[in-house]
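Subject: Structure handover and findings

Hello,

Please open it first, then read the notes below it.

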Amino acid sequence: QTIHSDQTGVNAFRLRDYTRGNGIITRKAKGQVDFTNTSANWTTLALPDQNGLDAHYGVEMTYDYYKVNFNRNSIDNNGIALYSNVNKKGFLYKDNASWDGNAMNYGIRSGGSQKGVTGIDVTGHELTHGVTQYTCNLVYSGESGGMNESLSDIMGKSVQFWAKPADKDWRLSNDMAWFIRNMSNPNAYSQPDTYGGTFWKSNADVHILSG
């Protein structure tokens, strides 16, 4: 797939795509500065900068998924620019990613590999939190928070299956070879698969209730 970026000068490119809505902008979390490259061929990036490429592609595919299938122009349906902050440091972002109300934030895996939490179902998941924010705005706690998380899991996987039709796996984060939830068997990861079923608690963490 083509990665869209813009040229800022001779042999200077950055991960900014203005072909979709008001832009897809992918930045290094530290200082929120651009990823830059001397070539439009971004496959030469090494880790951890390579994580920026994965996030940028995932956001492009998520934008396209919503546009092609639902004619939705970005998360607010008005073309709002989509910002990603990649390689976020700190305890909260070890093995984690988030939507903070304005941007996606992607951490780095533990274990020293420098690989990011940037699988395509993760980007689809986090951006869907934005869609939820601009539509039903489900409160992020208890049962409504579980529904919020579940919608993001469902749509994150839908983006993956649409963009990578040969990669159909119901386990979240499968294309990072790291499994955190299983939508075809929630009980396998201590999630309830029915309302009131095994592992169900009405006040459980939203990532448990999402099963």
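A term to start with: buried means under 20% relative accessible area, exposed means over 50%, and partly exposed is in between (1.4 Å probe, protein chains only). Thr132 is buried, with a relative accessible area of 3%.

Now the ground rules. This is a predicted model, in which local features need pLDDT of at least 70, side-chain atom pairs count only at pLDDT 80 or more, and totals for chains, interfaces and linings use all residues. Residues are numbered from 1 along each chain as its sequence is written, and side-chain values use heavy atoms, with hydrogens and water left out.

Thr132 is found in helix 2. Helices (H or I, at least four residues) and strands (E, at least two) are DSSP runs, numbered from the N terminus. What does Thr132 touch, not counting residues up to four places away in sequence? Its partners are Asn137, Leu138, Asn148 and Leu151. Contact here means heavy atoms within 4.5 Å.

Thr26 sits in strand 4 (residues 24-28). Thr26 is buried too, at 0% relative accessibility. Neighbours within four places in sequence aside, Thr26 is in contact with Leu15, Asp34, Phe35, Gly52, Ala55, His56, Ser84 and Val86. Thr26 and Ala103 are 77 residues apart along the chain, and their C-alpha atoms are separated by 9.9 Å.

**Helix packing**

Two packed helices are described by the angle between their axes and the distance between the axes. Axes are lines fitted to C-alpha atoms, for helices over the stretch in contact, and angles run from 0 to 180 degrees between N-to-C directions.

Take helix 1 (residues 50-70) and helix 2 (residues 120-134). Their axes come within 8 Å and cross at roughly 55°. That makes helix 1 oblique to helix 2. The cut-offs: under 35 degrees is roughly parallel, over 145 roughly antiparallel, 65 to 115 roughly perpendicular, and the rest oblique. Helix 1 passes helix 2 in a right-handed crossing. Right-handed means that the near helix is turned clockwise from the far one by less than a right angle, and left-handed means anticlockwise.

On the helix 1 side, the contact uses Ala55, Tyr57, Gly58, Val59, Met61, Thr62 and Tyr66. Helix 2 brings Ile120, Thr123, Gly124, Leu127, Thr128 and Val131. By class, this contact of helix 1 with helix 2 has eight nonpolar, five polar and no charged residues. Ala, Val, Leu, Ile, Met, Phe, Trp, Tyr, Cys and Pro count as nonpolar, Asp, Glu, Lys and Arg as charged, and the others, Gly among them, as polar.

Helix 2 also packs on helix 3 (residues 142-163), at an angle of about 130° with the axes 7 Å apart. That makes helix 2 oblique to helix 3. The crossing of helix 2 past helix 3 is right-handed. The class count for helix 2 with helix 3 is five nonpolar, nine polar and four charged residues.

**Aromatic pairs**

How many aromatic pairs does a search of the whole structure find? It finds six. Rings of Phe, Tyr and Trp (its six-membered ring) pair if their centres lie within 6.5 Å; planes under 30 degrees apart are stacked, over 60 edge-to-face, and the rest tilted.

The ring centres of Tyr65 and Phe70 are 5.8 Å apart and the planes are at 70°, so this pair is edge-to-face. Tyr65 is buried at 9% relative accessibility. Phe70 is partly exposed at 49%. The rings of Tyr195 and Trp200 have centres 4.4 Å apart and planes at 40°, so that pair is tilted. Tyr195 is exposed at 63%. Tyr65, Tyr66, Phe70 and Trp162 form one aromatic cluster.

Most residues other than glycine have a negative phi, and most peptide bonds are trans. The peptide bond from Leu47 to Pro48 is cis, with omega near 0°. Pro48 lies in the loop between strand 6 (36-37) and helix 1.

Ala177 has a positive phi, near 55°. Ala177 lies in the loop between helix 3 and helix 4 (206-209), and is exposed at 65% relative accessible area. Ser190 has a positive phi of about 60°. Ser190 lies in the loop between helix 3 and helix 4, and is partly exposed at 41%.

Best wishes
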